[in-house]
Structure formats: C-alpha cells, structure tokens
Amino acid sequence: MRETTAGLRSSGFFRFIDPKVFLGENALKGQKLLAQGNTLGMKAIINAPCKGKSLKETKEKDKYMIDSSAFQGKKAAYYTLGCKLNFSETSTFGKMLEDMGVITAKRGEKADICLINTCSVTEVADHKCRQAIHRMVRNNPGAFVIVTGCYAQLESENVSKIEGVDLVLGANEKAHLIQYLSNAWAQKFAQENGLAAQTPQNGDAESSQNGDAASLHQHYSVKTKEIKTFQPSCSRGNRTRYFLKVQDGCNYYCTYCTIPFARGNSRNPSIQSLVAQCEQAAAEGGKEIVITGVNIGDFGQTTHERFIDLVKAMDQVEGIKRYRISSLEPDLCDDDLIEYCAQSRAFMPHFHIPLQSGSDEVLKLMHRRYDKALFAHKVNLIKEKMPDAFIGVDVMVGCRGETPECFEECYEFLKSLPVTQLHVFPYSERPGTAALKIPYVVDEKEKKKRSKRLLELSDQKTQEFYAQYIGTEAEVLFEKAPRGKAMHGFTKNYIRVELSPALAKEEYDNQLIKVRLGDFNHDKTALKAELEVKGS
Ligand code: SF4
C-alpha cells in the first residue's frame, strides 16, 4: 500500500462498513436503481453522503459511506473466464471501479487490484480459473486480489485459501463488490501496518479470514436459495456490440449442470429498466445489442412480465439497429416470439438454441424439458418464417447414458435439420450433480471421437450456409481492427465478413456498410467483402 497511515486516518478510511446496514437515504435510492437494472445506481451509492446530504453540502469526506479517495489512480487488471454474461459483468465491475477513480492497467502494467471473474461449467474451467488466479497473483505482487463468478460461488472457501487471494465474492455478494472491496481494502491496510482492524459484520454471508499475513483470504457467499441480488450489466467493452443482461439464474436443474447452484434461481429486472439501458446504449452510439442471460426465455419470474413483451419494447428503441438473442431454451422459444422476430424492425434472423442431445432417451436423462419433435418444430418454424436465419445449436457429447446408438441418433437428427452451426461441448463430470447417478459412462477417447464428428458436421453446415450468399449484397456492422489489419463484421444473419486491409477504413468501425459478399477467406471462417457498395 502506498498511502500514509495519517492520510488514510484523516479521510475516515478506517470506518468498516456492513453492507447490510450502511446504506443512507441516497445510497438506498442507488440500491433501488440497481435492483431495477440501472447501473447509475452504483454511482449513487458510491457518491451517497450520510444523512442524504450532497457532496457540496457536507464537504466532509469521512461522512461518506464509501471513501473513494483511497482508490484514486489505483490500477486494476481484469480476467474473465466463461460466458458472455461473465464478460458483460466484468465490464460492469470495471465501470464501478472506474467510478471510484480506478484506472484499468495497460497490458504489462502492474495492477493494484486484480479481479478474476470465474466460470465452473466444466472441470477444465475450474482448472483454468485456478491457473488464472495464480497467474494474476504472480504477475501483480502485492495487489489486492478479488475472485468472483461461478467457481467463486461453488468453491468459495477453497478459492479463498489460494495464496494471494484477498476477497472471494459469491453470486449474491458480487452486486455489492464496492462495499466489500472498500471494507477489505481498509482491513488489509490495517493488517499490513499492524493496526487494529474492526471485523466486518457480514450478516448471513459466510466469511472467514485465515492464512498468511500478506493476504486476507476472506470469502463471502450465501447458499444457492438465498441468492437474490441481480447485478445489472450492459457492457460494450472493446467490442462494437453491447451485451445486455436481462436475466440471471435458472430454475431448470438439468442433471449435468451446476449453473443453478452457482447463479441461483431465475430472476430479472423490469422491462422498463432494460429499455432504459437500451436507450442509454443508443445514446452512446451503440447499434447492436446482444441480449444475454442464463435462461433468457424464463424472463419474468421476478416481475411477472413476458419475454415477448420485452422484445417488443426493445424493438421500439430508436437508434438500436440490431438485436440478437444469445440463447433460448427450445421449450421457451415460443412460436409467437419466432413470428414476432420475423416481422420485427431490429431483431435479427439469428437464433441460438441449445439442443444438448438429439436422442429422446438422453434428453430424458438430462431432465431437459422438450423432445426431438419439439426442437425440430422450432427449427423448421424459424426457417419457414425467416429462410435466411442462422441457427446455432449447442450439443453435449459423451454425457452419461449416451450409448453409441444414442449418439448416432443425435448425429443423424442434426444432419437432417437446417441448422447452421454446432457448438460442441464434451460432457464433464461435475461434483454434486444428479447426472453422476447415471451408470453408463462414456470414456474420454470416445468423447473426442464423437466431438470430432460433430465438429466436422458443423463446418460442413456452416460452409454450405455461407456459400449460398456468395455474390449477394449484405449490410455488415464492422468492428474495430488494428490499423493495417483486416476488419471483420457480421451480416444480419450472422455471416462473418472480412474486409481486407486495403479496403478497411477506421471510420467503418461501428458502421453499417453495404458490401458484396465474395468467396471464403483463407481459413474459411468468413466471406471476403469483395466490393464496397455504399455506407448507410
Ligand atoms: S437450462 Fe439447464 S443447462 Fe441451462 S443453465 Fe439451466 S440447468 Fe443449466
């Protein structure tokens, strides 16, 4: 730590805050905004003075709930593992810290604060999380290390024991990241300087402090059923597209999945607050929003609103030219919704539907809520209403109970369907899941063989889909690229397009440009934009 003790004392730094009781009137307003999905709420909390007075009125920093002065000019590094939702949340954590005066560390720069947002979808993901934590600790000696995300929720105590880790926040606590950080930061300073630190009051969160003198090793996580908070996230990051989180958690409890344990039950903010976030994105120049969540189609568990009404309301937001729905469970991808998207202003002909298995027997073992017939109906309806639609499909291979016959059935089913791309995930055993009770186990070698076959099928289908559009005109939303490099972007129906360095222009970033689609690029991952037609 770099501050002098006297400096910190005079700024009231050593006041420890109970996240459950510390909120003043303005901060409570901020909490309300946050609960509605409005990230401005965090700003309100950070800047909220005690007794409802403004900064100008009080001028007494030590009356503030969170004293951000200790964070001014500090540098933070972030590392995210897992899904789009995690990336979106990390970006929000970044914004929260930025509001506290923290700067994002440049590549190679040492950080004062490290935040690792973890994933626990497979055993491999867990391993990668541990590696990422060790790497962050090693590369940033003395930094304050925070770990959050799914792995942090499921293995809270174990993660807290890793050398160098100061603070582990579970799914419920991450929404109060700033409060926890502020508390723990002060304690760490006190610990390093041999000062008496007050123990924080953590309500019903489980917490502990152990281990070496250098790190706090605190962990806070509540039980799954007590996960109630919603961390709003609408991030742009370095990308052109915005990722708007509309829902969190899942009530489905598929037998192989740990996500409901890691993220809690399904919950969502209001349509009104989400539309406000879309309007904000449009005001910032955003043109495309990807709707994210854990089980998006289950939207409405908290507010009793319907997902289709959210879609209709978002479609009205001026300035947003494109929406994509990141994933929809087949049983929640209503026919009405498909029909609405087909005639909507801005919802793209692009769907992502997890199938997981093309065998009814395996679907039953997985406790999935549909059968092959329902899945085929959804795919065919999408193609009937939107013949150009890109359909991505998640498939899990080698799960327990997937006999060679079941796999062949799945392969043939997928081959017969007009889907565009397969996202293939080899099954991974997860502690505590019901799938472990299924006796039939597929060995790793066989899993690899099955994955390879499905990936080949996927390449074939994607290339056939792309090939249909060679020679046609399309509107592409281009993304920023380093100078002198090719630019990439996507058509409405999610064909990846490459603009050669000779044609690429900086001003095309985040612009919808009409191009003629040419042949495949060198590795067949995109179509080359042959001819620039006209900007729009
Ligand atoms: S729907 Fe099933 S697979 Fe998806 S998050 Fe929920 S429990 Fe997991």
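Okay, let's start with a definition: we call a residue buried if 20 or more other C-beta atoms lie within 10 Å of its own, exposed if 12 or fewer do, and partly exposed in between, with the C-beta atoms placed from the backbone. Take Thr472, which has 13 other C-beta atoms within 10 Å and is therefore partly exposed.

Before going on, two words on the model. It's a predicted one, where local features need pLDDT of at least 70, side-chain atom pairs count only at pLDDT 80 or more, and totals for chains, interfaces and linings use all residues. Residues are numbered from 1 along each chain as its sequence is written.

Now the overall picture. The protein chain has 17 helices and 18 strands; these are DSSP runs numbered from the N terminus, with helices being H or I of at least four residues and strands being E of at least two. Of its 536 residues, 47% count as buried. Two residues are in contact if their C-beta atoms, placed from the backbone, lie within 7 Å. Among contacts in the chain with a separation of 6 or more, 72% come from residues 24 or more positions apart.

You'll find Thr472 in the loop between helix 17 and strand 14 (473-479). Thr472 and Leu517 are 45 residues apart in sequence, but C-alpha to C-alpha they are 5.6 Å apart in space.

Next, the inside. A nonpolar core here is a set of buried Ala, Val, Leu, Ile, Met, Phe, Trp, Tyr and Cys residues joined through C-beta atoms within 7 Å. The largest one has 132 residues, and Cys114 and Val497 have the most contacts inside it. Which helix gives the most to this core? That's helix 9 (residues 177-192), with seven residues. In general, nonpolar side chains tend to be buried together in soluble globular proteins. If we skip neighbours within four places in sequence, the contacts of Val497 include Val476, Phe490, Leu517 and Ala529.

Let's look at helix pairs. Helix 16 (residues 404-416) and helix 17 (residues 444-467) have axes that come within 11 Å and cross at roughly 5°. Axes are lines fitted to C-alpha atoms, for helices over the stretch in contact, and angles run from 0 to 180 degrees between N-to-C directions. Phe407, Tyr411, Leu414 and Lys415 of helix 16 meet Arg450, Arg453, Leu454 and Leu457 of helix 17. That contact has five nonpolar, no polar and three charged residues. For these classes, Ala, Val, Leu, Ile, Met, Phe, Trp, Tyr, Cys and Pro are nonpolar, Asp, Glu, Lys and Arg are charged, and the others, Gly among them, are polar.

Tyr494 isn't a glycine, yet has a positive phi of about 65°. Is Tyr494 buried or exposed? Tyr494 is buried, with 20 other C-beta atoms within 10 Å, and sits in the loop between strand 15 (487-490) and strand 16 (496-499). His367 is also not a glycine, and its phi is positive too, near 60°. His367 belongs to the loop between helix 14 (360-366) and helix 15 (372-385), and is partly exposed, with 14 other C-beta atoms within 10 Å.
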